[in-house]
Amino acid sequence: MASEGEYESILCVKPDVSVYRIPPRASNRGYRAADWKLDTPDWTGRLRITAKGKVAYIKLEDKVSGELFAQAPITEYPGIALETVSDSSRYFVLRIQDDNGRSAFIGVGFGDRGDSFDFNVALQDHFKWVKQEDELSKSSQSADTGPKLDLGFKEGQTITLNIGQGKKRDKPRPQSSGGFGLLPPPPGGKIAPPPASNHNTEQPSGGAETGCLLELDSSNSNTVVQSNPSSDLWGDFSSSASSVPPPASRQDPSSGNWVQF
């Protein structure tokens, strides 16, 4: 049963319910609503389902004053305290109890099928929650009674930590597509810039030699080109030729003077 310190919550309220006196069950075939006087109910009023702890209470109250007519404590559903009839889904057999512990079985029914559906769902949800609470309490109790793992240090036990001594991984060296690595620059030296490229031009034929030499002079400042190549190029040869003595003139062989070799 529920303890005194627990609060009471409301699960479902239905404003219209009928109560019937039912005959004793003659056999084990179950209750049938057709055996009741459905057109003349013995009492009509309001039904309210409350929960206090794990116990649900079905209370039959007056519509106007709210006075309690009867109540039935439900500890499980489906169970003996609340049973369904075999020929309808709108009628149930309820076991009511008074404060002295006396009990009796009565029939209750709803005029609308939706009200009976809500009545069923409210009770099923409550006892589904009760089942989950029981499983959680059992699992917590088994965890408390089981052996506990001791992870503490024993007396004199120490532990050593190696920090910052991980093995360094060698990074692979990148290779060129030809399979040969690039040579590093010489230490302390500077790499000379590449020489200026001289554009090869085709020399024109005839007397355009002077124009060709002038073009070469514009692309390469280290080359000195004479303004009059015809006189300068052959001047040294003419001066050297004038210093050579003229050869001995050959005599006519008819004169009879032969040159001796």
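Me: Is aspartate 16 buried, partly exposed or exposed?
Reply: Aspartate 16 counts as partly exposed, because its relative accessibility is 41%. Buried means under 20% relative accessible area, exposed over 50%, and partly exposed in between (1.4 Å probe, protein chains only). This is a predicted model, where local features need pLDDT of at least 70, side-chain atom pairs count only at pLDDT 80 or more, and totals for chains, interfaces and linings use all residues. Residues are numbered from 1 along each chain as its sequence is written, and side-chain values use heavy atoms, with hydrogens and water left out.

Me: Which residue forms a salt bridge with aspartate 16?
Reply: Lysine 63 does, with the closest N and O atoms 3.5 Å apart. The pair links distant parts of the chain, 47 residues apart: aspartate 16 is in strand β1 (residues 8–21) and lysine 63 in the loop between β3 and β4 (68–74). Strands are DSSP runs (E, at least two residues), numbered from the N terminus. A salt bridge here is a side-chain nitrogen of Lys or Arg within 4 Å of a carboxyl oxygen of Asp or Glu.

Me: How many salt bridges in the whole structure?
Reply: The search finds 9. Among them, aspartate 98 meets arginine 102 at 2.8 Å, N to O.

Me: Switching topic: where is glutamate 61?
Reply: Glutamate 61 is in strand β3 (residues 55–61), and it is buried, at 4% relative accessible area.

Me: What do the side chains of arginine 46 and arginine 48 do there?
Reply: Each makes a polar contact with the glutamate 61 side chain, 2.6 Å for arginine 46 and 2.5 Å for arginine 48. A polar contact is a pair of N or O atoms within 3.5 Å; within protein, one must be able to donate a hydrogen and the other to accept it, and residues adjacent in sequence count only if both atoms are side-chain atoms.

Notes: Helices (H or I, at least four residues) and strands (E, at least two) are DSSP runs, numbered from the N terminus.
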